[in-house]
Amino acid sequence: MNRFEGRVAVVSGAAQGMGKAVALRLGAEGATVIAADINGKGAEATAKEIGGKSFGQQTDIGDPASVKALFDAVAQKFGKLDVQINVAAIVPFVKWDELTFEEWRRVARVNFDGLFLMCKAGSDLMRKNNYGRIVNFGSNSVLAGTPNMAHYVATKGGVLGFTRALATELGGYKITVNTVMPGLIDTEGVQTTAHKDAFGFVDMLQAIKGKGMPADVVPAVAFLASEEAHWITGQALNVDAGMARW
Ligand SMILES: NC(=O)c1ccc[n+]([C@@H]2O[C@H](COP(=O)([O-])OP(=O)(O)OC[C@H]3O[C@@H](n4cnc5c(N)ncnc54)[C@H](O)[C@@H]3O)[C@@H](O)[C@H]2O)c1
C-alpha cells in the first residue's frame, strides 16, 4: 500500500520507540516525514532511514520557540502539512509519596503543554488546505489508573479530552483528530524504568497473550492517519490486546 504518497507528515518522538516505528511506516507508504525529537541525532537517523526529502529536526515540544522553528521549516520546505502524529511524551515511574510539584510540572510541560503547542502550530498549517489527520498518543493507563505515574495518567486523561474538543474545533476544516491508547509496549523508554517488570502482570489482563511491541500499534495509527479514515474523528482507540475491554 502507498497510502501516504505525496503526503507530508510530522511525527514527534520519532527518535525511538513507537514514534520511530510510526515514522518508518508512514515513510514506507510514501510520506515525506519530518522526524521531530528532543534527541536531534536520533530524529535525523530515522529521517535518513526513510530517505527522500524527509528530514529530522531537534525539537523540544514543550518549548514554543522550538515548535515554531519546526513548523516554520515545514512551511518553508513543503508549504503544507497533511499528517501529524503526536507521539513524544515522558513516561515516568514515580511513587505517589515521592511525586513533587516539580516532577508534576516536568511531565505536564511535555505531555500536555507540548501537545497543545504541536497541535496549534500543525493545525494552522493544515487548515490552509482543508485537509488533515492528527493522531495523538494517549494511554490505556487512563482507564486502568496505573500506579506509580499519577501525573502521567493525568496528562493522558487530558489528551483524551483535548482530542475530542479539537476534533470539534477542526471538523469544519476536514481535519480529523483521534487518540490511540496503547497498553504496555516494549520500547527503549519502557526499558529504562521499572515498568519493564510489569509485562507479566499486563499479560494476565490481556485478552490476547503476548508482549506488546511498537509494530503492534503502528497499523492503527497508520489507518487513522490515512485518507480513508475521513469519517472517524474525536475517537479513542485502545490498542492493548484487549486489556481494557469495558
Ligand atoms: N511504551 C508504553 O508502554 C506506552 C503505553 C501507553 C502509551 N504510551 C505512549 O506512547 C508514546 C510513545 O511511547 P514510547 O514508549 O515509544 O516512548 P519512548 O520513551 O521510547 O520515546 C519517547 C520519545 O519522545 C522523545 N521526547 C521526550 N521528550 C521530548 C520533548 N520534550 N520534545 C520532543 N521529543 C521528546 C524522546 O527523546 C523519545 O525519543 C508516548 O506518548 C507514551 O506516553 C507508551
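Buried means under 20% relative accessible area, exposed means over 50%, and partly exposed lies in between, using a 1.4 Å probe and protein chains only. By that rule E103 is buried, because its relative accessible area is 13%. This is a predicted model, in which local features need pLDDT of at least 70 and side-chain atom pairs count only at pLDDT 80 or more, while totals for chains, interfaces and linings use all residues. Residues are numbered from 1 along each chain as its sequence is written, and side-chain values use heavy atoms, with hydrogens and water left out.

Stay with E103. E103 forms a salt bridge with R106, and the closest N and O atoms are 2.8 Å apart. A salt bridge here is a side-chain nitrogen of Lys or Arg within 4 Å of a carboxyl oxygen of Asp or Glu. Side chains of opposite charge can pair when their charged atoms come close. Both residues sit in helix α4 (residues 101–127), and because they are 3 residues apart, about one helical turn separates them. Helices are DSSP runs of H or I with at least four residues, strands are runs of E with at least two, and both are numbered from the N terminus. R106 is partly exposed, at 43% relative accessible area.

Helix α4 holds another such pair. D124 and R127 form a salt bridge, with the closest N and O atoms 3.6 Å apart. They too are 3 residues apart in α4, so about one helical turn lies between them. D124 is partly exposed at 37%. R127 is partly exposed at 33%.

The count comes to 12 salt bridges. Another of them joins the side chains of E227 and R7, at 2.9 Å from N to O. This pair links distant parts of the chain, 220 residues apart: E227 is in the loop between α9 (214–225) and β7 (236–239), and R7 is in the segment before β1 (8–12). E227 is partly exposed, with a relative accessible area of 46%. R7 counts as buried, at 16%. R7 and E227 also belong to a network of salt bridges with K80 and D82.

Now turn to V22 in helix α1 (residues 17–28). V22 counts as buried because its relative accessibility is 2%. Leaving out residues up to four places away in sequence, V22 touches V11, I85, F137, V218 and V221. Contact means heavy atoms within 4.5 Å. V22 and V221 are 199 residues apart along the chain, yet their C-alpha atoms are separated by 7.3 Å.

F201 lies in helix α8 (residues 199–205). With a relative accessible area of 51%, F201 is exposed. F201, M204 and L205 make a nonpolar surface patch of about 320 Å².

A backbone N or O atom of M18 lies 2.9 Å from an oxygen atom of the ligand. An N or O atom in the side chain of K156 is 2.9 Å from a ligand oxygen. For I185, a backbone N or O atom lies 2.8 Å from an oxygen atom of the ligand. Taken alone the ligand exposes 830 Å², and the protein buries 92% of that. Accessible areas come from the Shrake-Rupley method with a 1.4 Å probe, and for residues only the protein chains shown count as cover. The patch rule takes residues with over 30% relative accessible area and no salt bridge, joining like charges within 9 Å and nonpolar side chains (Val, Leu, Ile, Met, Phe, Trp, Tyr) within 5 Å.

Definitions and conventions:
Polar contact = N/O pair within 3.5 Å; in protein donor to acceptor, adjacent residues only side chain to side chain.
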